[in-house]
Amino acid sequence: MKPTPDASDQVLLQGILGGDLDAFEALVRRHQGMVYRFLFHYLGNATDAEDITQETFLLVHRKAALHNPALSFRAWLMTIARNLAVSHRRKSVPRPLDPAVLAGAIRDVSPAPEREVLLREDATQVHACLARLPEMHREILVMRYLLDLPLHEVAELLNIPEGTAKSRLFKARAELRDLLEPLLSVAGPATSSAA
Amino acid sequence: MNCQDFQNGLDTRDPYTPSAEEQAHARTCMACRRKLEASRRLLEGLAVVRGCARVPDLAPRIRQAAAAAGPVDAAGPSLGDRLIAWVQFLAPTSPLKSSLFYAAAGSIIFVLLWAVLARVPPRTEGPAAAGKHAWQMTMLHGGQPTVTGPGGVAAAPEAGTTFPAGAELAFPPASRARFRLPGQAEVEVEGARLTLQEYGFRLSGGRAKVQVRPVSEGAPAFRVLTPLATVTVMGTGFTLELSERRLLVQVSAGRVQVEAGSGRKVLGPGEELRVGPSGWEALPGSDASSTVVPDSDRPEVPQD
């Protein structure tokens, strides 16, 4: 039976336990974006992100019976993805951003051609510096700024209090900024918002 | 605004938008301007990087792999998995959970502390506590005593003189003084010769009126040793008058046990007793409620 689009994660998990591959596919489609984007930014490598995304969902499929319904499915899924990414990261090598994709992303952020060079430099340096951060700081920055999740959800996914998430985020951001500062070309007068 | 304030603002706001004051400071401070510019470019760089993740449709490929991998592992979670899941569930990750978590932790700590502290006897209830509190003497009338053994330490006039256990004091006849073991006992002596002990005293002559706070069950009792008898406090107030050949014990409140010769007697309120070298000396009407216990049942009395 085809699962309805608004079926909850719990209902889909029940379907998976009953051997329903449609339910599994629906669950993958619902969450693959978050998992893939997290892994892409965390690992800095699209090929590895694809492989680990697949591995994450296969583990969910195999261990669906282990999920505790009292806990958020997203938190459980992200815990699996993080654990796999951490163990895989030792073998993974971050790669530079694809120039074509980067150009598209820059146009999405600012269509002004005169800013393209600067944004390209910023994005390249941020991508490289992110890979140098400790795992704990990298994952929270990825979740907050690259997955654009609100802080309370980041705290829930990391299974830490919101206050802890906040202080960790600020430390991580300051560390990334300190790494970035000497790499950026000399600044002019600060006139625009940093938000 | 100084650089520290600027940095604090930069590092503790999400999202960060510099105030007019912060922008004004950045215009005058090169280091802060660089930090502000780095923050701005960091967030812009993150916005670009965010758009670089083009999510492929992995669902068909993952479905195929799942179908090839075989059926779902239907075994439920192990005990360890359940335990970890519950620990994760109870972790203080939301304001409500945090409140409950810290309230529960605080209650447990309070109960444990209370359980430990409730078992510790108050400092006023035994010789161990008495050892930490020396006797304080205040002269009421007459001349100062002659002191041998550990000497007294003069304190403020109203606080009197402090004596440790072991001090021997001999008062001139008719000279009166009050001894206090703070929170535990008060003794008024007249023309007395006494040796102070940690939780009691040895009376060698003279008169002593004793008021002792009741001790908890099982705690060592306050004792007065005399050449003729040992008086153990089981209640609160009594008077001792010791001459060369006779000890007079008068109880005003509570109960007192007197041990002499071959037995012991327990005196209640209003009762009195005389003890001579040959043992008990009868007093008219004083034997009604006194109990005489054979010598074999007598508790051991320290003979220091």
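Across the interface of chain B and chain A, 15 residue pairs are in polar contact, both residues being at pLDDT 80 or more, where a polar contact is a pair of N or O atoms within 3.5 Å, of which, within protein, one must be able to donate a hydrogen and the other to accept it, residues adjacent in sequence counting only if both atoms are side-chain atoms. The model is predicted, with local features requiring pLDDT of at least 70 and side-chain atom pairs pLDDT 80 or more, whereas totals for chains, interfaces and linings use all residues. Side-chain values use heavy atoms, without hydrogens and water, residues are numbered from 1 along each chain as its sequence is written, and chains are lettered from A in the order in which they are written.

On the side of chain B that touches chain A, two or more residues each come from α1 (3-11), α2 (20-28), α3 (30-51), α4 (59-69) and α5 (79-90) of chain B, helices being DSSP runs (H or I, at least four residues) numbered from the N terminus. The most is given by α3(B), with 19 residues. In total, 62 residues from chain B and 76 residues from chain A take part in the contact, defined by heavy atoms within 4.5 Å.

Eleven salt bridges are counted between chain B and chain A, a salt bridge being a side-chain nitrogen of Lys or Arg within 4 Å of a carboxyl oxygen of Asp or Glu. The side chains of A:Glu50 and B:Arg61 form a salt bridge with an N to O distance of 3.0 Å. Over all chains, the count by this rule is 24 salt bridges. Within chain A, A:Glu139 is bridged to A:Arg82, with the closest N and O atoms 2.9 Å apart; this pair links distant parts of the chain, 57 residues apart, with A:Glu139 in helix α7 (residues 135-146) and A:Arg82 in helix α4 (residues 73-89) of chain A.

Between helix α9 (residues 162-180) of chain A and α3(B), A:Arg173, A:Leu176, A:Arg177, A:Asp178 and A:Leu180 meet B:Lys35, B:Ala38, B:Ser39 and B:Leu42.

How values were computed: Axes are lines fitted to C-alpha atoms, for helices over the stretch in contact, and angles run from 0 to 180 degrees between N-to-C directions.
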